[in-house]
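Here is a short report for a reader meeting this structure for the first time. Take a look at the sequence and the fold before reading on.

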Amino acid sequence: MEELSKTKISLFSSLAGRKHRLRHGLFIVEGEKSVADTLGSFELEALIVCSGFELSMINPGILPKDKLFMTNRAGMDKISSLSTSSPVAAVYKLPISSMERSDMTDKLPDALYLMLDGIQDPGNLGTIVRTAHWFGIKRIFASRDTVDIYNPKTIQSTMGSLAKVEVIYCDLAKLIDANKELPVYGLLLDGKNINDVKLGHRGFIIMGNEGKGISAELRKKVTDRLLIPPYDPSDHSESLNVAIATGITLAAFRR
């Protein structure tokens, strides 16, 4: 196994920043299970193992030898975005669609899709992806001001579901206009109780920004306004965390 050079350590450590991820067309996944879950779903640039660590979930024999690298704990610490570095990390090439951030105005098949409008917290986005995977949502559309799916904290929060759910950044309003036959569900304070509404198996479900909710532009396009009611209307928190609200919403639809 080849020793990881200082040049590559410097390059890979820079991938914590979105600008460098886009510039080099690379992103990093840390942790043996997350690496095992994503291998084969993205084009591998390098698999890095800390010296002395024995791989248990990944068979090195299935990997090209020129993609395998070893470094010491100090090297892993420089590459890692975690408070405690993992002994295994993989560097993948960004999918072309992620680098282009192109508009999506295609006619979509009948299915249930998530739309994320300005989600800012990496942990929330990662949890939403993981939750979408659990409930069989294959594709998420995100506004351009939503946090980057390849942010290291986001990837960590997906717990390996990154490879199972496609996240496409695009103009959400244009996508809705191109698919007018699909209903548009939105979580709003003046919506109908989600437990009392007959929910469909197709359409867009919009989840809004953590602080501002759904933007005014997209609010106008909502055809079905929904509300997750508090158990006690007289005593409840100001709002639900968006990732938790997504889980409750998807459970209601899949019910």
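Which residues does leucine 47 touch, not counting residues up to four places away in sequence? The list is Val35, Leu39, Leu55, Ile58, Leu63, Lys67, Leu68, Phe69, Ala89 and Ala90. The model shown is a predicted one.

## Overall build

The protein has ten helices and eleven strands. Its radius of gyration is 20 Å, close to the 18 Å that the globule rule gives for 255 residues, so the protein is as compact as a globular protein of that length. Along the principal axes, the C-alpha atoms fill a box of roughly 60 × 40 × 30 Å.

Of the 255 residues, 47% count as buried. Contacts across the sequence also stand out. Among contacts with a separation of 6 or more, 77% come from residues 24 or more positions apart.

## The nonpolar cores

In soluble globular proteins, nonpolar side chains tend to be buried together. Here, the largest nonpolar core holds 47 residues. Phe27, Leu47 and Ile140 touch the most other members. Helix 10 gives the most to this core, with six residues. A second, separate core has 18 residues, including Ile168, Ala173, Leu175 and Leu218.

Six strands form an open sheet with parallel pairing, in the order 8-7-6-10-9-11. Strand 8 (166-169) and strand 11 (224-227) are the edge strands, and each pairs on one side only. From one strand to the next, the twist averages 35°.

Now take the pairs one by one. Strand 6 (residues 112-117) and strand 7 (residues 139-142) are parallel and share three bridges. Methionine 115 stands opposite phenylalanine 141 in strand 7. Strand 6 also pairs with strand 10 in the parallel sense, over six bridges. There, aspartate 117 has glycine 208 of strand 10 as its bridge partner. Strand 9 runs parallel to strand 10, and three bridges join them. Valine 184 has its bridge partner in strand 10 too: phenylalanine 204.

## Strand 10 and its cover

Is strand 10 enclosed or open to the outside? Six of its six residues are buried, so strand 10 is largely enclosed by the rest of the structure. Both of its faces are covered. Gly203, Ile205 and Met207 are buried on one side. Phe204, Ile206 and Gly208 are buried on the other.

Helix 10 (residues 242-254) lies across strand 6, strand 9 (184-193), strand 10 (203-208) and strand 11. Helix 10 runs at about 160° to strand 10. Helix 6 (residues 122-134) lies across strand 6, strand 7 and strand 8. Its angle to strand 6 is about 175°.

## Serine 14, a residue in a loop

Where is serine 14 found? The residue is in the loop between helix 1 (6-13) and helix 2 (18-24). Serine 14 has 18% relative accessibility. Buried means under 20%, so serine 14 counts as buried.

The side chain of serine 14 reaches the backbone oxygen of leucine 11 at 2.6 Å. Not counting residues up to four places away in sequence, serine 14 touches His20 and His24.

Terms used
Residues numbered from 1 in each chain as written. Predicted model: local features only at pLDDT ≥ 70, side-chain atom pairs only at ≥ 80, totals over all residues. Heavy atoms only, no water. Helix = DSSP H or I, 4+ residues; strand = E, 2+ residues; numbered from the N terminus. Buried < 20%, exposed > 50% of the residue type's maximum accessible area, 1.4 Å probe, protein only. Polar contact = N/O pair within 3.5 Å; in protein donor to acceptor, adjacent residues only side chain to side chain. Contact = heavy atoms within 4.5 Å. Pairing = 2+ DSSP bridges. Axes fitted to C-alpha atoms, helices over the stretch in contact; angles between N-to-C directions. Core = buried A, V, L, I, M, F, W, Y, C linked by side-chain atoms within 4.5 Å. Rg over C-alpha atoms; globule rule 2.2 N^0.38 Å.
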